[in-house]
2 protein chains.
Amino acid sequence: MREVAILGIGQTKIDEHWELSLREIGGNAAFAAMQDAGMDKVDSLFVGNMLSPLVSGQNQLGAFLSDWVGLWGQESVKVEAACASGAAALRAGLMAVASGDIDSALVVGVEKMTDKAGHDVTAALATAADADYEVEQGVSFVGINALIMRRYMHEYGWKHADFAPFSINAHANAMQNPFARLHQKINVEQFEKSAMVATPVNLLDASPTGDGAAAAVIVPAEKVASWNGKPRIIIAGSASATDSIAVHSRKDPLFLSAAYQSAKRAYEMANVALEDIDVFELHDAFSIMSALSLEACGFAERGQGVRLGLEDEICPTGRVPICTRGGLKARGHPVGATGMYQVVEVVQQLRGECNGTQVDGARVGMAQNIGGSGATILTHILKAE
Amino acid sequence: MREVAILGIGQTKIDEHWELSLREIGGNAAFAAMQDAGMDKVDSLFVGNMLSPLVSGQNQLGAFLSDWVGLWGQESVKVEAACASGAAALRAGLMAVASGDIDSALVVGVEKMTDKAGHDVTAALATAADADYEVEQGVSFVGINALIMRRYMHEYGWKHADFAPFSINAHANAMQNPFARLHQKINVEQFEKSAMVATPVNLLDASPTGDGAAAAVIVPAEKVASWNGKPRIIIAGSASATDSIAVHSRKDPLFLSAAYQSAKRAYEMANVALEDIDVFELHDAFSIMSALSLEACGFAERGQGVRLGLEDEICPTGRVPICTRGGLKARGHPVGATGMYQVVEVVQQLRGECNGTQVDGARVGMAQNIGGSGATILTHILKAE
């Protein structure tokens, strides 16, 4: 396959955008990415979105968004893989450009979650789980993550406060990100006293949802030397893997085998080793997911992901910087858009645009996007050249 | 891009499958295609589906279906473009195999529509239209097609009975297709006396929905010489184009510009001329769509698509055989699955497996799948070698 580069990026602030519609939010990120790329037309548009049929009564988001941004006539399609929809859309665009059939693609992850009441959104989010075997039993999506976290604490002997560094790091990093939903530092005491959502997951273990969109323009690498003095960003690795959709069907509910498999394939494709990864935007929808993701990708032994936080290795100056722009926890989690926020943030790191949370000399970055409780996981590795 | 072949196909009968769940229907077509291809594993699974979040409370259909068919660990993703979801999934799989990143893909179009009451399904189908500018005004999806048909009759002077040959041909052809939803011949009198749905669209202008799935296994063409004595089927052309999602925003509501553009690109890519197309599986969700599709693809002058039916050119022995297995009208229209049924049927024609409706010596076939009232349109051209 031919090599593909990310030429432009764009994003909106994640918030409750009562004043903006689904198409406006997606369009704003799309226009920003096109402007950043210096392009006014692309061959194809790939949209990552999970909830628009349920929350906005709108399907066919490809044509919907290409219409709004003026790409009439061009190809457009929506890709959905629950909370991994953003990265799945990037991978679909990547395959199309890599094949040689198209020469440019705009990839937009977009989600508008505030058009329905909270309980409706909770029900909509549960469609990421197995409707027949999980949701039908009355478990919510937070509930599934709570069961996983409780089992992990029991199995490996960690207490709830041991997860605090994940959320504290995310909140601290988000202070430097104008696009983040939350701008408030937190400490261990606040983490421990936060309102319980589904034991043991409390409010500060969980990421806030929101309205937002993030986008990127991708082109064949051979067509890009450098751009405005910025380094050329290559999509060096891309892989997607699945696991049973219901947690109870997995051989081990505490091992994200789809993360392991997609990361392994991405490392091979990008020809990088673990120690080459300078920054890792992982999918901390819940604090437990940070631990499981770090373990499955090889940064920690089984059951020891939490230790990386406790030993201060996850901050921007640590050994494995994660959530450098706030992560899902503080930047926010507009579900179908999140995967594209992660990619945009890795590009920002590789371009050296991250101010207070810049990872010094970052040349290789990884983004991992999780759908459901681990059923679909995509890993992308970007390199600055 | 490297050339891609269709190695195996599978489909289920379209019906009200009260006894089968969403995963079972999709799985049955998937297993049939894998068996036909002589494979028990593929690299990736691409699922085309429109309604599962709304009708079955199930998202993430990629992981959902890969779980059911035993493809744990493999890549899987869902693609959605309203009623064009099936062909959009095929194109996503095609790009991935063509890029060289993967070596085999299973593409499944699946829809389970009978898990909700009729009015809920009508509301779900309306998500193909523009929620803000069309549906909010109270128009249903049938209503939009009725407005288009009425305008066409007014503009070009056709009467309702002139559309009868489209439905009569479809019903006659479906008699030979064991997978078709409807097995009943109809005549002009029945067509004219059929119950009105939304003037001038009556029941025999409209396609029946249903539960069903169709699937194909695709691989690099270089890996296939021939298979069980069947010709090698190449995906010679593939293109997707969009138009405004709301009909009123289009320059001309009677011209499917996305059909014109995707067909034009597909002809060029496949290096075929109009007269090379031996069989054309078009998207006759409503009889008016047959006329508009034939016109946009160049088989008839503007406003004259109806004439092809009246002059008996659309039957299997005619100049432009369409809906040779029953089309959406009589084979049935399980919306997100339809695009894959069309492709499977073109393969059957090119393999010479169509018994009573076989087009003699068919070597080149085209399938065109329409999302919404023409907002997303994909055209695929297959060749037998």
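Chain A of this predicted model has a mean pLDDT of 97, and 99% of its residues reach 70 or more. For the complex, the predictor reports an ipTM of 0.98 and a pTM of 0.98.

**Stop 1: the largest cavity**

The largest cavity holds about 110 Å³ of space. Select A:Phe46, A:Glu75, A:Val77, B:Ala88 and B:Ala92, which are the closest to its centre among the 14 lining residues. Then colour strand E3 (75–80) and helix H4 (85–99) of chain A, along with helix H4 (85–99) of chain B; these are the elements that each give two or more residues to the lining. By class, the lining of the largest cavity consists of 10 nonpolar, 2 polar and 2 charged residues.

**Stop 2: the second largest cavity**

Move on to the second largest cavity, with a volume of about 80 Å³. Two elements give two or more residues here: H4 of chain A and strand E3 (75–80) of chain B. H4(A) gives the most, with 4 residues. The lining of this second largest cavity divides into 7 nonpolar, 1 polar and 2 charged residues.

**Stop 3: aromatic rings in chain A**

Show the side chains of Phe, Tyr and Trp. Over all chains, the structure holds 10 aromatic pairs. One of them joins A:Phe255 and A:Tyr260, with 5.9 Å centre to centre and 45° between the planes, a tilted arrangement. Next select A:Tyr152, A:Tyr156 and A:Phe163, which ring pairs link into a cluster.

**Stop 4: B:Cys297**

Switch to chain B and centre on B:Cys297, in the loop between helix H10 (287–296) and helix H11 (305–310). B:Cys297 has a relative accessibility of 3%, so this residue counts as buried, the cut-off being under 20%. Which residues does B:Cys297 touch, beyond those up to four places away in sequence? Select B:Ala259, B:Ala263, B:Tyr267, B:Leu274, B:Phe280, B:Met366 and B:Gln368 to see these contacts. To finish, draw a distance between the C-alpha atoms of B:Cys297 and B:Gln368: the two residues are 71 apart along the chain, and the separation is 9.5 Å.

Terms used. Residues numbered from 1 in each chain as written. Chains lettered and ligands numbered in written order. Heavy atoms only, no water. Buried < 20%, exposed > 50% of the residue type's maximum accessible area, 1.4 Å probe, protein only. Contact = heavy atoms within 4.5 Å. Phe/Tyr/Trp six-rings, centres within 6.5 Å; stacked < 30°, edge-to-face > 60°. pLDDT = per-residue confidence, 0-100. 1 Å grid on protein atoms, 1.4 Å probe; cavity = no way out; pocket = protein on both sides within 12 Å on 5 of 7 lines; lining within 4 Å. Points joined across faces, edges and corners; volume = space filled by probe spheres on them. Nonpolar A, V, L, I, M, F, W, Y, C, P; charged D, E, K, R; others polar.
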